[in-house]
Every structure is written in structure tokens, then in C-alpha cells.
Amino acid sequence: MKYFAYIIIVSALGLGIFNATKLDFNAPFEGESIVGIITILASLCAIILMLILLTSKRIEEKVKQKK
């Protein structure tokens with residue numbers, strides 16, 4: 001599960017970087033720029049969710065060790 005989360009984080013980071021190249025700062029809400037913004041936000045959400053998952057798994061392991 002841990003490696004799967006890391007793979008998702010790396011792929012989301014790659015997609016975010018790729019879509020950052022699609023942005024047009026002169027017209028950020030037109031054409032491909034809006035698609036780039038949406039996918040960058042989606043990849044950031046995926047990264048945050050995977051970091052929350054990894055943190056919760058670490059907490060679960062610590063709780064099991066104390067019992």
C-alpha cells in the first residue's frame with residue numbers, strides 16, 4: 001500500500017508539471033490553460049489525499065504497537 005501511494009504521488013506530480021507547461025499566463029482562463037489549471041488542482045488534491053493516507057497508516061501502526 002505504501003509503494004502504491006508513492007507511485008500515485010509521483011505520477012500526480014508528473015502530471016502537474018506537464019500541465020504547468022500548458023498554461024498561458026496572458027489568458028489563464030481560456031482554451032488549454034483552464035484544462036491545465038483544473039488538472040494541476042486535481043493532481044494537488046491527489047497528492048494531499050495520498051499524504052493523508054500515509055500519515056493515517058503511520059498512526060495506525062503506532063497504535064497497534066502500543067497494544
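The dialogue below goes through the salt bridges of this model.

Q: What kind of model is this, and how are residues numbered?
A: This is a predicted model, where local features need pLDDT of at least 70, side-chain atom pairs count only at pLDDT 80 or more, and totals for chains, interfaces and linings use all residues. Residues are numbered from 1 along each chain as its sequence is written, and side-chain values use heavy atoms, with hydrogens and water left out.

Q: What is a salt bridge, and how many are found in the whole structure?
A: Side chains of opposite charge can pair when their charged atoms come close. The term means a side-chain nitrogen of Lys or Arg within 4 Å of a carboxyl oxygen of Asp or Glu. A search of the whole structure finds two.

Q: Which side chains meet in a salt bridge?
A: Lys57 pairs with Glu60 at 3.8 Å, N to O. Lys64 also pairs with Glu60, at 3.7 Å, N to O. Through shared partners, Lys57, Glu60 and Lys64 join into one network.

Q: Is Lys64 buried or exposed?
A: Lys64 is exposed, at 59% relative accessibility. Buried means under 20% relative accessible area, exposed over 50%, and partly exposed in between (1.4 Å probe, protein chains only). Lys57 is partly exposed at 34%, and Glu60 is partly exposed at 36%.
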